[in-house]
Amino acid sequence: MKYRSALVVDDDAGTRDTISDAVQRAGFEVSTAARGRTALAHLDDVQPDLVVLELTLPDIDGLEVCRRIRSSSDCYIVFVSERQDEIDLLLGLEAGADDFMGKPVSPRELQARIAALFRRPRSSSAAPRPASVNRDGRIEGGGGLVLDRHARDVEVNGRPVELTRTEFDLLTALATRPGVVMRRNELLREVWETEHATDTHLVDVHVANVRRKLREHGEERWIRTVRGVGFRFDAA
């Protein structure tokens, strides 16, 4: 059996051991680092499928470590931190993280979140093709927006839009149901495979990130907020 590889980066030895044990029990071969520079130096050797990363590190800020990892790897990244303000969550997700957990870390919750990340389908073959998806897996949202579910690419007016895994899954969930309002808890179930009420802010932050990245390439507003309910994709 080939185990997945994980990298745990935290300068606190006790927390690092707790996280490492939980990740190992989830079926991963675990490597650890106490510093951001050490983690980056061993990234090619470890080639992790998962990185659990402390937001505050003594040498390189965790946000910068996340950005550098994301520039060369599509692995899942989970931030852990005692800093749990909204701005910290926002910055972590904007840097490319897939999830964010507060400290002290609950091993069971961490394992559940990791399992949910790796259960998420990565191609359209996992579900029936919606009527809005072409035979080649392309979704045309109008206004120059094109999603390719097979290649997991997004373009606006022929220019590629760089989305994280989670951002792509969120946009796809909305775009395959044009005109349908999706509640936050529905998006949590489909994209994150969780229904924790405390996680609904994850949806808002990721929607904001997707909107910002799309606006960099086009003038249309594809994702609409339905106040008090959720979000709706409107083809341009």
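Biologist: Is R152 buried, exposed or partly exposed?

Modeller: This is a predicted model, so read each value as computed. R152 counts as partly exposed, because its relative accessibility is 24%.

Biologist: Which side chain does R152 meet in a salt bridge?

Modeller: Start with the general idea. Side chains of opposite charge can pair when their charged atoms come close. Here R152 pairs with D169, at 2.9 Å from N to O. D169 sits in helix α7 and R152 in the loop between β7 and β8 (153-156), so the bridge ties together parts 17 residues apart in sequence. D169 counts as buried, because its relative accessibility is 12%.

Biologist: How many salt bridges does the structure hold?

Modeller: The structure holds 19. One of them joins E54 and K103, at 2.5 Å from N to O. This pair links distant parts of the chain, 49 residues apart. E54 is in strand β3 (residues 50-54), while K103 is in the loop between β5 (99-102) and α6. Both residues are buried.

Biologist: Which residues join E54 and K103 in one network?

Modeller: D10 does. Salt bridges with shared partners connect D10, E54 and K103.

Biologist: Where do E94 and R212 lie?

Modeller: The side chains of E94 and R212 form a salt bridge at 4.0 Å, N to O. E94 is in helix α5 and R212 in helix α9, so parts 118 residues apart in sequence are tied together. E94 is partly exposed, with a relative accessible area of 34%. R212 is also partly exposed, at 30%.

Biologist: At what angle do α5 and α9 pack?

Modeller: Again, the idea comes before the case. Two packed helices are described by the angle between their axes and the distance between the axes. For α5 (residues 86-94) and α9 (residues 200-215), the angle is about 50 degrees and the axes are 10 Å apart. The two helices are therefore oblique to each other. Their crossing is right-handed.

Biologist: At what angle do α7 and α8 pack?

Modeller: Helix α7 (residues 165-175) packs against helix α8 (residues 184-192) at about 125 degrees, with axes 10 Å apart. That angle makes α7 oblique to α8. This crossing is right-handed.

Biologist: What is the nearest side chain of opposite charge to D148?

Modeller: It is R138, 4.6 Å away. The cut-off for a salt bridge is 4 Å. D148 is buried yet has no salt bridge. D148 lies in strand β7 (residues 145-148). A polar atom of the D148 side chain lies 3.0 Å from the backbone nitrogen of H150.

Definitions and conventions:
Residues are numbered from 1 along each chain as its sequence is written. This is a predicted model: local features need pLDDT of at least 70, side-chain atom pairs count only at pLDDT 80 or more; totals for chains, interfaces and linings use all residues. Side-chain values use heavy atoms; hydrogens and water are left out. Helices (H or I, at least four residues) and strands (E, at least two) are DSSP runs, numbered from the N terminus. Buried means under 20% relative accessible area, exposed over 50%, partly exposed in between (1.4 Å probe, protein chains only). Lys and Arg count as positive and Asp and Glu as negative; His and the chain ends are not counted. A polar contact is a pair of N or O atoms within 3.5 Å; within protein, one must be able to donate a hydrogen and the other to accept it, and residues adjacent in sequence count only if both atoms are side-chain atoms. Axes are lines fitted to C-alpha atoms, for helices over the stretch in contact, and angles run from 0 to 180 degrees between N-to-C directions. Angles under 35 degrees count as roughly parallel, over 145 as roughly antiparallel, 65 to 115 as roughly perpendicular and the rest as oblique. A crossing is left-handed if the near helix is turned anticlockwise from the far one by less than a right angle, and right-handed if clockwise.
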